[in-house]
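Please keep the structure open beside the text while reading.

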Amino acid sequence: MLQEKITQYTAEINAFSTDSADELEQFRIRFLGTKGIIKDIFDEFKAVSPEEKRVLGKVLNEFKQLAEAKYQTLKDQTEVTETKKDLGLDLTLPGEGFEIGARHPLALVRREIVEIFNKLGFIVAEGPEIEDDWHNFSALNFPEEHPARDMQDTFFIKKGGEKGDIALRTHTSSVQVRMMEEGKPPFRAIMPGRVYRNEAISARAHCFFHQVEGLYVDENVSFADLKQTLFYFVQELYGEGTKVRFRPSYFPFTEPSAEMDISCTICKGAGCQLCKQSGWVEILGCGMVDPNVLENCGIDSKKYSGFAFGMGIERVANLKFEIKDLRLFSENDARFLKQYKTSLI
Ligand code: PHE
């Protein structure tokens with residue numbers, strides 16, 4: 001009796017197929033449910049003779065496993081079919097590959113600069129792009145009538161507020177002031193960031209660009225430290241053997257001040273269009289922090305001395321990638337940006 005039933009249901013299970021979740025649920029209830037066929041058969045099994053039990057026990061277990069396996073297989077299949085129906089998608093198709101973006105050349109150069117100075121123990125400091133007169137000019141020893149404060153160069157936001165004029169910062173030296181005001185020496189930091197100047201936009205000038213400035217203040221910091229730090233930086237960035245030279249210059253916040261040139265990265269000093277046949281290109285301004293600036297920030301200028309430097313990231317990038325038009329950096333032309341695909345993400 002029991003054997004016959006099992007044979008009959010086995011055939012039924014083997015023949016069963018569906019891609020409907022509802023029909024499959026009916027199947028589950030009918031065979032595997034708490035009041036289902038398998039439960040009934042097991043109940044009947046309890047009543048059979050011990051000899052029969054020996055034979056039927058195995059058959060019964062196989063039957064149960066068959067029903068469970070059928071249910072599981074169809075369940076997996078219908079789940080895929082149902083999701084496909086919901087999404088209108090064929091989930092068995094291979095996925096579409098996606099293109100990895102490119103880093104902006106300025107971001108690449110900025111990172112390279114930061115990494116080199118990190119190795120020398122410089123940390124990264126940041127500050128606001130909207131600044132007051134004190135942090136952008138006065139603390140940095142700019143005289144009242146200095147031309148850099150003029151409307152020509154500075155984008156003023158508010159004239160004559162409580163803290164003086166409010167403007168878009170014209171350099172990241174303002175971050176140096178904030179750092180010195182807020183902390184205690186020694187300071188060893190670089191300040192990357194965007195700066196703004198009121199210039200007509202052309203291939204060679206823009207109304208905003210990016211700088212990395214640096215500051216090192218401690219006891220007994222000398223011009224020799226400045227030279228060695230910048231020399232190391234240039235060897236790391238442009239390769240061993242790149243020459244440097246310092247020309248005297250003027251900045252209100254450093255004394256003495258200098259501009260640093262490097263041997264032309266393109267012609268290696270032989271003379272080319274980039275270096276205007278001179279063999280040298282200017283890359284940054286630097287100098288010893290003026291004692292007035294230290295005092296303005298609450299630092300004892302008799303005990304401490306320091307050096308500072310500042311460079312334009314666009315300029316460094318131009319020398320690396322030979323980009324001739326500054327406007328490319330901010331136009332977001334994908335044809336330009338795609339060229340800087342890199343494994344660095
Ligand atoms: N702040 C100067 C500029 O924007 C650069 C500079 C920084 C020069 C530090 C000397 C020392 O041009």
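Serine 263 is found in strand β8, which spans residues 254-263, where helices (H or I, at least four residues) and strands (E, at least two) are DSSP runs numbered from the N terminus. The model is a predicted one, in which local features need pLDDT of at least 70 and side-chain atom pairs count only at pLDDT 80 or more, while totals for chains, interfaces and linings use all residues. Residues are numbered from 1 along each chain as its sequence is written, and side-chain values use heavy atoms, with hydrogens and water left out.

- Serine 263 counts as buried because its relative accessibility is 10%; buried means under 20% relative accessible area, exposed means over 50%, and partly exposed lies in between, with a 1.4 Å probe and protein chains only.
- A polar atom of the serine 263 side chain lies 2.9 Å from the backbone nitrogen of lysine 243, and a polar contact is a pair of N or O atoms within 3.5 Å, of which, within protein, one must be able to donate a hydrogen and the other to accept it, residues adjacent in sequence counting only if both atoms are side-chain atoms.
- When neighbours within four places in sequence are left aside, serine 263 is in contact with Thr242, Lys243, Gly279 and Trp280, contact meaning heavy atoms within 4.5 Å.
- Threonine 242, one of these partners of serine 263, is found in the loop between α8 and β7 (244-251), and at 9% relative accessibility threonine 242 counts as buried.
- The side chain of threonine 242 reaches two backbone oxygens, that of glycine 239 at 2.6 Å and that of tyrosine 238 at 3.4 Å.
- Apart from neighbours within four places in sequence, threonine 242 is in contact with Phe231, Val234, Gln235, Ile262 and Ser263.

**Packing of α5 with α8**

- Helix α5 (residues 105-119) packs against helix α8 (residues 223-238) at an angle of about 130°, with the two axes 10 Å apart; axes are lines fitted to C-alpha atoms, for helices over the stretch in contact, and angles run from 0 to 180 degrees between N-to-C directions.
- The helices α5 and α8 are therefore oblique to each other, since angles under 35 degrees count as roughly parallel, over 145 as roughly antiparallel, 65 to 115 as roughly perpendicular and the rest as oblique.
- The crossing of α5 and α8 is right-handed; a crossing is left-handed if the near helix is turned anticlockwise from the far one by less than a right angle, and right-handed if clockwise.
- On the α5 side the contact is made by Glu112, Ile113, Ile116, Phe117 and Lys119, and on the α8 side by Thr229, Leu230, Tyr232, Phe233, Glu236 and Leu237.
- These contact residues of α5 and α8 divide into seven nonpolar, one polar and three charged, where Ala, Val, Leu, Ile, Met, Phe, Trp, Tyr, Cys and Pro count as nonpolar, Asp, Glu, Lys and Arg as charged, and the others, Gly among them, as polar.

- The crossing of α2 and α4 is left-handed, and the residues that make the contact include Leu24, Phe27 and Phe31 of α2 and Phe63, Tyr71 and Leu74 of α4.
- The residues of this contact of α2 with α4 divide into nine nonpolar, one polar and six charged.
- Phenylalanine 63 lies in helix α4 and is buried, with a relative accessible area of 3%.
- Not counting residues up to four places away in sequence, phenylalanine 63 touches Ile6, Tyr9, Thr10, Ile13, Phe31, Ile38 and Ile41.
- The C-alpha atoms of phenylalanine 63 and alanine 139 are separated by 89 Å, and these residues are 76 residues apart along the chain.

**Backbone geometry**

- Most residues other than glycine have a negative phi, and most peptide bonds are trans.
- The peptide bond from proline 185 to proline 186 is cis, with omega near 0°, and proline 186 lies in the loop between α7 (173-182) and β5 (187-196).
- Glutamate 255 and proline 256 are joined by a cis peptide bond with omega about -5°, and proline 256 has its place in strand β8.
- Asparagine 220, in the loop between β6 (208-218) and α8, has a positive phi of about 60° although it is not a glycine, and asparagine 220 is exposed, with a relative accessible area of 69%.
- Glutamine 277, in the loop between β8 and β9 (280-289), has a positive phi near 65°, and at 57% relative accessibility glutamine 277 counts as exposed.
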